[in-house]
Amino acid sequence: MLFAARRLCPPLLLAGASKMAAPRPSSNMAAFRETLASAKHVVVLTGAGVSAESGVPTFRGAGGWWRRYQAQNLATPGAFREQPSLVWEFYHYRRHNMASKQPNKAHEAIASLQQRWTAAGRRCRVITQNIDGLHQRAGSQDVLELHGTLFKTRCTRCRHVEENRDDPICPALAGTGAPDPNTPSAHIPVKDLPRCRQPGCGGLLRPHVVWFGENLDAEVLDQAEAELEACDLCLVVGTSSVVYPAAMFAPSVAERGVPVAEFNLEPTPKTAEFGFHFTGPCGEILPEALAP
């Protein structure tokens, strides 16, 4: 198994940014399209850059703040234990914000590729680090969500997981979550926060996402590993390749001689390890790269 040794790594640990000396990857679109045409099993790995082109906040870098907090200070089990109202405000804002966002041309190009490959008896699997559900809204099927999703909840008592798209998810969160730094916290009593609706439970719900310091879901990781071990082409789209364990997925594929093509606004610490690299907005490059 390619990734067994990394299974217990914190999923959001940042990798080092050192670059390996290697031949410059190709940016020959015709050569890439020939490689794509001959592929039978494509894996598409996507990251925050794809969603950012739809206007989804990434909560990284200079723009990585919600009110006076950075995401890594709120997206943790400890923050939820200490301030569940504040954490739910943050996720209510993120859930509500998605109502105004739409899949972009990159999402659509990936979904179209998957549909064509499926119809032709080939395989295309999307593995994403994003939690916004835009791939599914674009038409992608069986998306592997490494970090979970905004639109599922998990009970902290009975562990039941279910889809939930209510907006607001509970009455007390209505009108809360504004990102302005001067917005006061709502201080919602825990009893009024989202609660489990399973018979006899009523436990406090949390977002079904992988927080900083938590491990990836073992079943999801197993499925991702199986896809990556079997693929004959890997596309890395809109990800900086610095978040473990996902940062090692494509390099591990490249190590066994499988073509890897990276699409990103700029080179990444892993670019030199791949056969292809295309610089620019994914929504502009992918439609050409993946067109029939």
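The points below cover the sheets, the helices packed on them, the cavities, the salt bridges and the pockets of this predicted model.

1. An open sheet is built from 6 strands with parallel pairing, and its order is S5-S4-S1-S9-S10-S11. The edge positions belong to strand S5 (144–145) and strand S11 (276–279); each has a single partner strand, so one side of each is left without a neighbour in the sheet.

2. The S1–S9 pairing. Within this sheet, strand S1 (residues 41–46) runs parallel to strand S9 (residues 233–237), and 5 bridges join the two. One point of reference is leucine 45, whose bridge partner in S9 is valine 236. Leu45 returns in point 5, as a residue of a cavity lining.

3. Helix H8 (residues 218–230) lies across S1, strand S4 (123–128), S5 and S9. Relative to S4, H8 runs at about 135 degrees.

4. Largest cavity. How many cavities of 30 Å³ or more does a search of the whole structure find? There are 2. The largest holds about 100 Å³ of space. Its lining has 15 residues, and those nearest the centre are Leu45, Gln129, Thr239, Ala246 and Ala247.

5. Make-up of that lining. S1 and helix H9 (249–255) each supply at least two residues of the lining of the largest cavity. H9 gives the most, with 3 residues. By class, the lining of the largest cavity comprises 11 nonpolar and 4 polar residues, with no charged residues.

6. Second largest cavity. The volume here is about 30 Å³. Thr153, His160, Glu162, Cys196, Arg197, Gln198 and Leu205 form the lining. Of these residues, 2 are nonpolar, 3 are polar and 2 are charged. Charged residues are present in this lining, whereas the lining of the largest cavity has none.

7. Side chains of opposite charge can pair when their charged atoms come close. The whole structure has 8 salt bridges. One of them joins glutamate 162 to arginine 197, with the closest N and O atoms 3.2 Å apart. This pair links distant parts of the chain, 35 residues apart: glutamate 162 sits in strand S7 (residues 161–163), and arginine 197 in the loop between S7 and strand S8 (205–209).

8. Three-stranded sheet. S7, S6 and S8 form a separate entry in the list of sheets: an open sheet of 3 strands, antiparallel in pairing, with the order S7-S6-S8. S7 and S8 are at the edges with a single partner strand each, so one side of each has no neighbour in the sheet. From one strand to the next the twist averages 40 degrees. S6 and S8 run antiparallel and are joined by 4 bridges; glycine 148 stands opposite valine 209 in S8.

9. Second largest pocket. About 500 Å³ of space lies in this pocket. It is lined by 26 residues, with Glu145, Gly148, Thr149, Lys152 and His208 nearest the centre. The largest share, 5 residues, comes from S6. The classes are 9 nonpolar, 8 polar and 9 charged.

10. Largest pocket. This pocket holds about 1,100 Å³ of space. Among its 44 lining residues, Ala48, Thr58, Phe59, Arg60 and Val243 lie nearest the centre. The elements giving two or more residues to the lining are helix H2 (48–52), helix H3 (71–74) and helix H5 (84–97). H2 gives the most, with 4 residues. By class there are 23 nonpolar, 16 polar and 5 charged residues.

How values were computed: Residues are numbered from 1 along each chain as its sequence is written. This is a predicted model: local features need pLDDT of at least 70, side-chain atom pairs count only at pLDDT 80 or more; totals for chains, interfaces and linings use all residues. Side-chain values use heavy atoms; hydrogens and water are left out. Two strands pair if DSSP finds at least two bridges between them. Contact means heavy atoms within 4.5 Å. Axes are lines fitted to C-alpha atoms, for helices over the stretch in contact, and angles run from 0 to 180 degrees between N-to-C directions. On a 1 Å grid over the protein atoms alone, a cavity is a set of points where a 1.4 Å probe fits but cannot get out, and a pocket is an open set with protein on both sides within 12 Å along at least five of seven lines; lining residues have an atom within 4 Å of a point. Grid points are joined across faces, edges and corners, and a volume is the space filled by probe spheres set on the points. Ala, Val, Leu, Ile, Met, Phe, Trp, Tyr, Cys and Pro count as nonpolar, Asp, Glu, Lys and Arg as charged, and the others, Gly among them, as polar. A salt bridge is a side-chain nitrogen of Lys or Arg within 4 Å of a carboxyl oxygen of Asp or Glu.
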